[in-house]
Amino acid sequence: KRQVEGQELERFVTEVDERRIIAFGPPKEMRSAEVSESSNHSAYLLRYKPEGGWTTTWYIDAKTFLPLKSVRPGEDSEVTTTYSDWHNASGLMTPFHAVVTETDKPDYKWDSKTVQYKSTLSKDTFAPLVPGPSDATLAPNAPPIPFTMEANHIVFSVCVNGRPPIGFILDTGADQNVINSTRLEEFGLKTYAKTTTTGGGNSAEYAYVAGATFTLPGVELRNQHVSALDQTGLERALGVKFGGVLGYDFISRFVMEIDYQNQLITLHDPKRWKYSGAGVMVPVVFDNGIPHAYGSIGVPTKAEIPAYFVVDFGAAETAT
């Protein structure tokens, strides 16, 4: 459970509104859209901002008046969705094919096989989710967990599925837990699906794994879905045996106290912990599971530049 807020919420509202328009047609609010014409007069351009979201530009075919594409802001760049293969489904025109393009990420497409519109739905369809039992255990007397600094990364020993302990990076810049795919067999795990991710301008294939249980002194996180990525390059850079990364899905279960001087991490139960001390509170916003903080950058020749910082323990530098 995580509260969606800030820029992530605005992106989410924009994306949902785009899908609503494709599924059900333009809402009344689009009558106030800013309208222009393409240079070759083949399409109308509608610039429309949903309440609580960001402005999306719709390209409307001048002959059919059906959307050709939509362009909206994404997390790091614009997201362009091109629609085609329109069919009449239960009296509504809907695209059966689309291609989604985003800078520095692989294109992907989606295809519809059949589309059904139901006039009524059971209330149970939208019933709130009921949380199950916790998948995390923190012993009341859990001792501080020692760690080492390897190439400016926090690395501590973790047991996966009862196997001997191996080094894992603690990384607030990871939105999920990741296992080094070269060690899956060692952990008794198998993949069940795969996809592609992008980072640093390059794409890499990674897989999904179920049934991973992580154990540290006094702590257990059970039966997790994780991603699996070949991290032999990172293992070489660290110079230690490397099992993977513990990110948001681990960190979010606890209050985490990091003592860099003594190289100890103490985990606390969020329901029972209260801060006391002389430290400065820095508000953070979780965006896709990654903490961000608003601040500024100062340089001698200019006024302060507003900034939106990622608080990333997995980054070796002071700032990027």
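Modeller: Here it is. Keep in mind that this is a predicted model. Strand 18 gives the most to the lining of the second largest pocket, with four residues.

Colleague: OK, let's stay with that pocket. How much space lies in the second largest pocket?

Modeller: About 1200 Å³.

Colleague: And which residues are the closest to its centre?

Modeller: Phe254, Val255, Met256, Val284 and Phe286. The lining has 26 residues in total.

Colleague: Which elements give two or more residues to that lining?

Modeller: Helix 4 (248–251) and strand 18 (255–259).

Colleague: How do the lining residues divide into nonpolar, polar and charged?

Modeller: There are 17 nonpolar residues, six polar and three charged.

Colleague: Switching to rings. How many aromatic pairs does a search of the whole structure find?

Modeller: Eleven. One example is Tyr206 with Tyr208: the ring centres are 5.6 Å apart and the planes are at 65°.

Colleague: Why is that pair edge-to-face?

Modeller: Because the planes of Tyr206 and Tyr208 are at 65°, and planes over 60 degrees apart count as edge-to-face.

Colleague: Which residues form one aromatic cluster with Tyr208?

Modeller: Tyr192 and Tyr206.

Colleague: Is Tyr206 buried or exposed?

Modeller: Tyr206 is buried, because its relative accessibility is 13% and the limit for buried is under 20%.

Colleague: And what about Tyr208?

Modeller: Tyr208 is partly exposed, with a relative accessible area of 27%.

Colleague: Next, Ser70. Where is Ser70 placed?

Modeller: Ser70 sits in strand 4, residues 67–73. Ser70 counts as buried, at 1% relative accessibility.

Colleague: What does the side chain of Ser70 make a polar contact with?

Modeller: With the side chain of Tyr83, at 3.1 Å.

Colleague: Last topic, Thr55. Where is the place of Thr55?

Modeller: Thr55 is in the loop between strand 2 (43–48) and strand 3 (56–61). Thr55 is partly exposed, and its relative accessible area is 28%.

Terms used
Residues numbered from 1 in each chain as written. Predicted model: local features only at pLDDT ≥ 70, side-chain atom pairs only at ≥ 80, totals over all residues. Heavy atoms only, no water. Phe/Tyr/Trp six-rings, centres within 6.5 Å; stacked < 30°, edge-to-face > 60°. Buried < 20%, exposed > 50% of the residue type's maximum accessible area, 1.4 Å probe, protein only. 1 Å grid on protein atoms, 1.4 Å probe; cavity = no way out; pocket = protein on both sides within 12 Å on 5 of 7 lines; lining within 4 Å. Points joined across faces, edges and corners; volume = space filled by probe spheres on them. Nonpolar A, V, L, I, M, F, W, Y, C, P; charged D, E, K, R; others polar. Polar contact = N/O pair within 3.5 Å; in protein donor to acceptor, adjacent residues only side chain to side chain.
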